[in-house]
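Please find below a short note on the model under review.

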Amino acid sequence: MRQSSHDPTLFVPKHRSTSIVDRATTGLPPDLLNRAAARLQTLAWLYAFTFFMAAFFPQFLFPGGLRMLFERVLNWAPGAISITVAVAVALAIRKARLRPATVTAFALVFEVVSSYGIATAEFLQPLGLTAATTWVGLSWVAVWILLFNVVVPTVPRYAVVAALLSVTAVPGLVLISMSMFPPAFQPNGVKIFIAFGLPYLLVVIMAYVGARVVYALGTEVTRARELGSYRLEELLGKGGMGEVWRASHRLLARPAAIKLIRTSIAGNGAGMSDDTLRRFEREAQVIARLRSPHTVTLFD
């Protein structure tokens, strides 16, 4: 049946892309979110390497080191399991095709699990905790949490929740170790809080400040990429005259390619030269002949 010319035309908007949904969920620009998987993979490999160098490599350098290492299961099992988990995470992130928001959530879970791995290796000591060794200084958990929040940016409230869950690994494993292997030195509740409570609450505060700084920088980048009704999402290419970005319109359900012309290419700081302007006009005339609604050219 032939449709009448008076029939109304319905425009069905396209579904929002996953990058737009992820950006709306996290508040971070898409290109920063798209690098979350690579950053998490790097962190996982770094975790495995550092754990091996700190827990296992020194045993190869001293006579009888390997014998002492494998003398008890608790001497090597926490480190071996932690390294295995980190390698598995790195390989899974490399093989799987996950949305950036999913990668961020997976990263926060890995932060908590890996922190417990560090605390288990440090504090679950069959010989008992002594004031001369394991009670001195901050745990590697503190370093790991601060590094994690900088390398894998996320919403500050999510970062705080993950940091709080991560720092519970230290007092939790200390109490478990003291119950399983009672030390000769029995600290009271105040000393336990001073040693394993207050310092890590300060670490959580620092992690929150770092997460807010990184998140604020990401949102500033997002606002800087908003050109009128268009939002720049991903850099497609760049050349001598400028850059081409994939963009989306706030109201229209369609993508667009926007080319930014750099006025600085004239070299005199006063704007584009006449020759550059003529080249741009010719390119704009060619683009105007294209029968596509997705062509917009803007000056930068």
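1. Leaving aside residues up to four places away in sequence, S115 touches V141, W144, I145, S166 and A169. It should be kept in mind that this is a predicted model.

2. S115 belongs to helix α6. The residue has a relative accessible area of 0% and is therefore buried, the limit being under 20%. Its side chain also reaches the backbone oxygen of E111, at 2.7 Å.

3. As to its length, 24 residues at 1.5 Å a residue should span 34 Å, and the end C-alpha atoms of α6 are 34 Å apart, so the two values agree.

4. Helix α6 (100-123) also takes part in the largest pocket, as one of the helices that each supply at least two residues of its lining. The others are α3 (36-55), α4 (65-69), α5 (73-95) and α7 (140-151). The most is given by α3, with six residues.

5. What is the volume of the largest pocket? The value is about 720 Å³. The lining comprises 28 residues, of which F51, A54, A55, A121 and E122 are the closest to the centre of the pocket.

6. By residue class, the lining of the largest pocket divides into 20 nonpolar, five polar and three charged residues.

Definitions and conventions: Residues are numbered from 1 along each chain as its sequence is written. This is a predicted model: local features need pLDDT of at least 70, side-chain atom pairs count only at pLDDT 80 or more; totals for chains, interfaces and linings use all residues. Side-chain values use heavy atoms; hydrogens and water are left out. On a 1 Å grid over the protein atoms alone, a cavity is a set of points where a 1.4 Å probe fits but cannot get out, and a pocket is an open set with protein on both sides within 12 Å along at least five of seven lines; lining residues have an atom within 4 Å of a point. Grid points are joined across faces, edges and corners, and a volume is the space filled by probe spheres set on the points. Helices (H or I, at least four residues) and strands (E, at least two) are DSSP runs, numbered from the N terminus. Ala, Val, Leu, Ile, Met, Phe, Trp, Tyr, Cys and Pro count as nonpolar, Asp, Glu, Lys and Arg as charged, and the others, Gly among them, as polar. Buried means under 20% relative accessible area, exposed over 50%, partly exposed in between (1.4 Å probe, protein chains only). A polar contact is a pair of N or O atoms within 3.5 Å; within protein, one must be able to donate a hydrogen and the other to accept it, and residues adjacent in sequence count only if both atoms are side-chain atoms. Contact means heavy atoms within 4.5 Å. The expected span of a helix is 1.5 Å times one less than its number of residues.
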